[in-house]
Structure formats: C-alpha cells, structure tokens
Amino acid sequence: MILLLAPAGWLVGLLYKEFGSTVEGGNNLILEEIHDPTSTIPIRMTPLVLLGTIVTHFFGGSAGREGTAIQMGASLADQLARPFRMTPHDRRILLMAGISAGFGSVFGTPLAGAIFGLEVLAIGKLSYEAITPCILSAFIGDIVTHAWGIHHAVYQVMDVPKMSVRGVAYSILAGVAFGIIGMTFAKLTHLVSHTARKFIANPTLRPVAGGLIVTVAVFGIGTSRTLKYIGLGLPTISAAFMVKLPFYDFAAKILFTAVTLGTGFKGGEVTPLFYIGSTLGNALSHVLPLPSSLLAGMGFVAVFAGAANTPIASTLMAVELFGAEAGAYAAIACVISYLFSGHAGIYQAQRVGRSKNLKNVAEEGLSIGSVATLRIAPEENLLDNLNIYGFFGGMQMEHLGVLRMYFSASEMRRPDSWWKRIAPQALGAFLLKQAKDHGIEQALLHRVIGGYLKGQELAMDTGEIPPARLPQCLELVGDKEDLESFVKHNRDHLAKVRVVFLYGREAEIEAAIERQELEEALEMERDESFNAKPRAEG
C-alpha cells in the first residue's frame with residue numbers, strides 16, 4: 001500500500017484544490033475564526049478532512065486523527081450559528097464547544113477535551129466563559145462515541161513509585177527533554193511546509209513529493225525497520241509501556257510525520273506526538289531511574305503539552321488514562337515541557353496570551369506564526385511585514401471597520417426607566433459594555449488631556465477634577481456588520497455623539513497615516529542622539 005502513497009497524495013491535493021481551498025487552513029482556520037469571527041466555516045470541511053485523513057492512513061502516511069475530529073466537530077457545530085442567529089461572541093463559544101467534543105470523543109478523554117477547547121486558543125489564558133458548553137459537549141460527545149460501540153486503546157502504567165524529592169527532580173529533567181522535542185517537532189513540521197510551498201507551487205504536487213520521500217525512505221532503509229514509523233503507530237505506543245525499544249524511534253517518527261503533514265497530507269499531529277512522547281520516555285528510562293512505563297506515560301502527554309501549549313488538558317488526560325498517581329508525575333513533566341517549548345507550537349494561529357518569558361512580553365497578542373516571522377525577520381524590515389491595515393502578515397483583517405465616537409466625559413446614557421434617571425450611567429462605560437455584548441473585536445475609550453468638541457470651548461485637564469466638557473473618544477474595531485448592528489441598537493444614545501466610520505478606502509488611508517507615524521517613531525529610536533543619555537551637570 002505504501003507504494004501508492006504518492007498517487008494518494010495527488011488525490012488529496014486535487015480534492016482540496018478543487019473543493020477545499022477555503023478550508024485548507026484546517027485547525028488554524030478554526031482558531032482564526034474563534035479569535036476573529038468572520039463567516040461560517042463551510043460544511044464541506046467535514047467530508048473533505050474525513051476523506052483526506054482516511055486516504056492518508058490507508059496508504060501509510062504518518063498522521064494522527066485529532067485534527068480530523070476537531071475540524072469535523074467545529075465545522076458541524078458552526079452550521080448552527082446562522083439558523084439560530086448567533087452573535088459573534090456566541091459563535092466563538094459554539095466553535096470552542098465543537099473542538100472539545102471532537103477532541104474528547106476521539107481519545108475517550110472528555111475532561112481533557114473540555115479543557116483543551118478552552119486552553120488551545122491562547123498561550124497562558126483560559127476562556128472561562130465557555131467552560132460549561134465545552135464540558136457538556138465533550139462528555140456528550142464521548143457518550144455518543146461509546147454508544148456506537150467504539151473502544152479506545154488502553155495504555156497501562158504498571159509501576160508508579162511513591163513521590164519523592166528525587167522523583168520530582170527526575171520528572172523535571174524528563175520535562176525539559178519532552179519540551180525541547182515538542183518544540184523541535186512543531187518547528188520541523190512548519191519548516192517542511194514552508195519549504196514545500198516555496199519550491200512546489202502546485203498544491204496537488206506537494207503531497208506527491210511527500211509521498212515519494214516517505215516511500216523511498218521505507219523501502220530504502222528496509223520495511224522491517226520502518227513500517228512501525230508509518231500510519232498511526234498504535235502498536236509501538238503500546239509496546240513503549242511494556243518493553244524496551246530502540247532509543248531512536250522517537251526521532252524517526254518525527255521525520256516521517258513532519259514530511260507527511262508538512263507536504264499536505266491530512267490528519268492530526270497529536271497521535272504522532274503520543275508516539276514520539278512515549279518512545280522518548282522509553283528511551284529516557286536508560287538514563288533516568290524511573291520505571292520505563294511511567295516515563296512512557298509521562299512522555300505520552302508531556303510532549304503533546306509542549307507542542308500544543310496545553311499543560312492543563314494534558315495533565316487531565318494523564319489522570320484519565322493512567323490514574324491519579326501517575327498523573328502527579330505527568331503534571332510536573334507537562335508544566336516543565338510547556339515552559340521549555342517556548343513560543344512555538346503545532347497550531348500557527350494559536351496566540352500568545354501571556355508570555356512564558358518576561359523578555360518576550362512584546363509578543364503577547366500575536367499568533368505563533370507571526371512570532372516566528374518576526375524572530376527571523378531583520379529588525380529594519382519589520383515594517384515590511386505590516387499589511388495596509390497595520391497588521392502583521394498572515395492576519396486577515398481586511399473585513400474590519402473602525403467606528404469612532406466623540407462626546408464629553410460628562411455625557412450620560414439616555415435613561416429608559418425611572419430608576420436610571422435617579423442613578424444615571426456614564427455614556428462611555430455604557431457604550432463599552434454594549435460593544436462587548438455585540439461581539440465587537442476591540443474597543444478603546446480614550447481619555448485626553450485637552451481638546452474641544454464642535455460648538456464647545458477648549459477644555460484642559462489641568463486640575464485634580466477633570467472638566468465636565470473634557471472630550472472623550474470611544475474607538476471600536478470590528479466587523480462591518482457588527483458595527484452597523486451596534487449603531488442601530490444604540491441609535492437613541494448617540495443623538496448627541498459625533499460618529500466617524502472608516503471602512504474600505506478610508507480605513508486604508510487611516511492605516512497609511514498611522515504607518516507613517518510609526519516609521520517616524522522607529523527612525524527616531526535609531527537616532528543615536530535621541531537615545532543618548534543626558535550627562536549629569538556639575
């Protein structure tokens with residue numbers, strides 16, 4: 001069957017070229033839609049990713065299945081957004097619930113699946129607003145899977161020593177190795193993908209090239225040695241918990257999986273990461289005095305924790321699969337692996353919510369893909385990565401508009417009940433909450449030190465109490481339809497507010513002005529005279 005992997009790759013590439021160009025982003029497309037909701041994910045993502053993954057597995061490609069489950073769960077769930085007229089905010093929660101259901105059901109770990117849907121969006125942040133839907137969907141998905149008679153693979157950690165100081169220290173050392181390997185896998189897969197796109201323009205030929213490489217490697221090295229590195233590799237994962245394996249198994253699986261997924265075959269990264277982690281843990285048992293089955297279990301979840309930046313979900317998975325005692329060791333390894341994998345990961349659209357390193361705080365808010373681009377780009381060329389809307393390349397923001405509202409700080413919302421006349425609410429605070437409820441992507445209420453509005457006198461904030469007529473500016477950035485809905489809903493409150501809406505060409509001009517100001521600021525920072533410290537006078 002492996003001889004037909006290259007033709008099978010051509011079939012997968014052709015399917016996505018003809019029918020799936022809008023859903024080729026896969027898991028990253030789903031994460032982008034959660035961060036910046038734009039349009040409903042096409043339903044064709046479900047059959048395409050299912051068929052593509054089956055073809056990949058059937059002909060021996062080294063890939064997993066969680067990517068398929070996540071994409072099917074999210075794309076199916078997203079079809080409910082339109083008939084139920086969900087707001088962008090509710091649609092985000094719906095997509096997160098779909099991710100949790102898919103992940104929890106495919107591995108038989110509903111608790112880990114629930115937290116994975118919350119944790120995978122941004123490094124260091126959890127969206128608790130979706131915790132109830134994610135937990136319910138993950139457990140219901142698992143119940144439905146079992147109702148069809150599906151049984152998941154069982155892995156047993158046979159020997160768990162009592163926790164001690166030495167045990168903690170060895171777990172930390174193992175976690176360092178797991179994190180570095182998780183980061184290596186993620187970076188190598190992205191490198192293969194980037195190289196394939198650079199040298200092979202035709203998307204249908206990329207998986208053909210990948211299939212040929214895998215096929216040549218399998219038969220060139222020898223099928224007796226290489227067959228265990230293709231496909232899901234579940235027998236080898238089971239063996240890692242029971243017997244000693246060759247120490248290089250994890251490295252071979254990294255190479256085969258990076259080529260398979262990087263060249264365009266469909267599937268997931270998580271099952272290969274389980275393989276890599278369990279075999280790496282097995283190899284570490286030669287140098288660390290912990291039971292090999294325990295190290296295999298720790299690696300099983302910890303390499304995944306580092307590569308996906310999901311230490312909590314990975315720890316819960318260890319508890320569900322191996323029990324609480326082994327889960328304690330795994331928790332240490334998962335956290336350390338998460339820290340040592342840096343701002344790298346298998347999901348390029350995942351964002352840096354809270355930096356792992358205080359030196360990299362500037363990367364907060366960016367996607368992992370943008371972080372990688374910025375780190376390799378020369379400092380003087382950073383502005384070249386900005387698109388016309390002032391965002392770094394890879395962030396599609398062309399659908400956004402900017403709505404600015406100008407009013408006095410003393411302006412109050414229009415009362416619609418007798419008690420709101422007694423306790424009036426500031427207009428700025430009210431409109432901010434309204435923007436959040438309407439799913440507006442970004443809202444900023446600017447306080448100024450001076451200015452004036454149309455027909456008013458100049459006001460300066462020079463005293464302890466700001467003047468009542470001091471201007472304020474509320475700026476909203478979001479989807480055009482969301483901004484129009486916001487204005488329509490709050491029309492009565494905007495009667496005395498000057499509103500400026502920028503979209504399309506106006507937004508381009510505004511971004512160009514801001515870009516010019518940014519270039520001037522950077523030019524000043526490079527000026528030695530600007531950065532020189534003033535000398536102390538005698």
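Reader: How many aromatic pairs does the count come to?

Author: This is a predicted model, and a pair of aromatic rings in general is described by the distance of the centres and the angle of the planes. Rings of Phe, Tyr and Trp pair if their centres lie within 6.5 Å. By this rule the count for the structure comes to 16 aromatic pairs.

Reader: What kind of aromatic pair do Phe274 and Phe300 form?

Author: Phe274 belongs to helix 13 (residues 270–284) and Phe300 to helix 14 (residues 292–308), so their pairing ties together parts that are 26 residues apart in sequence. Both Phe274 and Phe300 are buried. Their rings are 4.1 Å apart, centre to centre, with 15° between the planes, and planes under 30 degrees apart count as stacked. The pair of Phe274 and Phe300 is therefore stacked.

Reader: Which kind of pair do the rings of Phe274 and Phe304 make?

Author: Phe274 in helix 13 and Phe304 in helix 14 are 30 residues apart, and their pair links distant parts of the chain. Phe274 is buried, as is Phe304. With ring centres 5.9 Å apart and planes at 80°, which is over the 60 degrees required, the pair is edge-to-face.

Reader: At what angle do helix 6 and helix 7 pack?

Author: Helix 6 covers residues 110–119 and helix 7 covers residues 131–147, and their axes are 8 Å apart. Helix 6 passes helix 7 in a right-handed crossing. The angle at which helix 6 and helix 7 pack is about 140°.

Reader: How many nonpolar residues does the contact of helix 6 with helix 7 have?

Author: From helix 6 the contact draws on Pro110, Leu111, Gly113, Ala114 and Leu118, which meet Ile131, Cys134, Ile135, Ala138, Phe139 and Asp142 in helix 7. By class, the contact has 1 polar and 1 charged residue, while its nonpolar residues number 9.

Reader: Is Cys134 buried or exposed?

Author: Cys134 is one of the residues with which helix 7 meets helix 6, and the structure holds 0 disulfides. The relative accessible area of Cys134 is 0%, and since buried means under 20%, Cys134 is buried.

Reader: Why is helix 2 largely enclosed by the rest of the structure?

Author: The buried residues of helix 2 are Asn27, Leu29, Ile30, Leu31, Glu33, Ile34 and His35. What covers them includes helix 3 (45–58), helix 4 (66–78), helix 5 (88–107) and strand 2. Helix 2 (residues 27–35) is largely enclosed because the buried residues are 7 of its 9.

Reader: Which residues is Gly342 in contact with, leaving aside its neighbours within four places in sequence?

Author: Gly342 is found in the loop between helix 16 (324–340) and strand 2 (351–352), and with a relative accessible area of 23% it is partly exposed. Although Gly342 and Gly182 are 160 residues apart in sequence, their C-alpha atoms are 9.8 Å apart in space. With those sequence neighbours left aside, the contacts of Gly342 are Asn309 and Lys356.

Reader: What share of the residues in the chain is buried?

Author: The secondary structure of the chain comes to 22 helices and 8 strands. Of its contacts with a separation of 6 or more, 73% are accounted for by residues 24 or more positions apart. Among the 538 residues in the chain, the buried share is 50%.

Notes: Residues numbered from 1 in each chain as written. Predicted model: local features only at pLDDT ≥ 70, side-chain atom pairs only at ≥ 80, totals over all residues. Heavy atoms only, no water. Axes fitted to C-alpha atoms, helices over the stretch in contact; angles between N-to-C directions. Helix = DSSP H or I, 4+ residues; strand = E, 2+ residues; numbered from the N terminus. Left-handed = near helix turned anticlockwise from the far one by under 90°. Contact = heavy atoms within 4.5 Å. Nonpolar A, V, L, I, M, F, W, Y, C, P; charged D, E, K, R; others polar. Disulfide = S-S within 2.5 Å. Buried < 20%, exposed > 50% of the residue type's maximum accessible area, 1.4 Å probe, protein only. Phe/Tyr/Trp six-rings, centres within 6.5 Å; stacked < 30°, edge-to-face > 60°.
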